[in-house]
Amino acid sequence: MSTPHVVVVMGVAGTGKTTIGPLLAERLGVPYAEGDDFHPRANIDKMSAGTPLTDDDRWPWLDAIGRWAHGRAGLGGVVSSSALKRSYRDRLRAEAPDAVFVHLTGSRELIEDRMGHREGHFMPTSLLDSQFATLQPLAADEAGVAVDVAGSPEEIADRAVAALAELDSPAATP
């Protein structure tokens, strides 16, 4: 990429944000921040109990991620955040207007299978339906790319880098 963007790796739980984010950051030569680390304890407790978060629960979390992204403006960075709704992405962009999104996408079956095999994460597979119900994919006017999560983490990260480079190319700029 020709400019040091802050990249928000987004998607429903189980798409691999925590795996792909650091790989993407490494390939771009920028720091990575784990979005889950910005959650207040009450949010983690709520999700661990199988209760979906409300928008009111999410605002302080999104604001904290946005502040981190703002601090990386012009320097670049990668941060993970589900960013499922347009309003959540708008909230992040309010703090970091130049943020670019990488939306990790995949079939519900693949994502549920991956969630079933991961250990030590607070998000139960029972919340996957609410994640998909909440998801609003990137709109045409949002800076970002969709990347399929089929394949190995390295393949997914490579696709993300290629898609971001294409987004950043002069031909892609209006």
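E155 has its place in helix α7; helices here are DSSP runs of H or I with at least four residues, strands are E runs of at least two, and both are numbered from the N terminus. This is a predicted model, where local features need pLDDT of at least 70 and side-chain atom pairs count only at pLDDT 80 or more, while totals for chains, interfaces and linings use all residues. Residues are numbered from 1 along each chain as its sequence is written, and side-chain values use heavy atoms, with hydrogens and water left out.

**The chain overall**

- The protein chain has seven helices and five strands, and along the sequence they run β-α-β-α-α-β-α-β-α-α-β-α.
- Of the 174 residues, 43% are buried, where buried means under 20% relative accessible area, exposed means over 50%, and partly exposed is in between (1.4 Å probe, protein chains only).
- Take the contacts (heavy atoms within 4.5 Å) with a separation of 6 or more: 75% of them come from residues 24 or more positions apart.

**Helix α1**

- Helix α1 covers residues 17–28, so 12 residues, and spans 16 Å from first C-alpha to last, close to the 16 Å expected (1.5 Å times one less than the number of residues).
- K17, I20, G21, L23, L24 and A25 are the buried residues of α1.
- Just past the end of α1, G29 has a positive phi of about 70°.

- E155 counts as partly exposed because its relative accessibility is 43%.
- The E155 side chain reaches the backbone nitrogen of S152 at 2.8 Å, a polar contact (N or O atoms within 3.5 Å; within protein, one must be able to donate a hydrogen and the other to accept it, and residues adjacent in sequence count only if both atoms are side-chain atoms).
- E155 sits 135 residues from I20 in sequence, yet their C-alphas are 9.7 Å apart in space.

- T15 is in the loop between β1 and α1, and with 2% relative accessibility it counts as buried.
- A polar atom of the T15 side chain lies 2.9 Å from the backbone oxygen of V12.
- Setting aside neighbours within four places in sequence, T15 touches L104, I111, R114 and V149.
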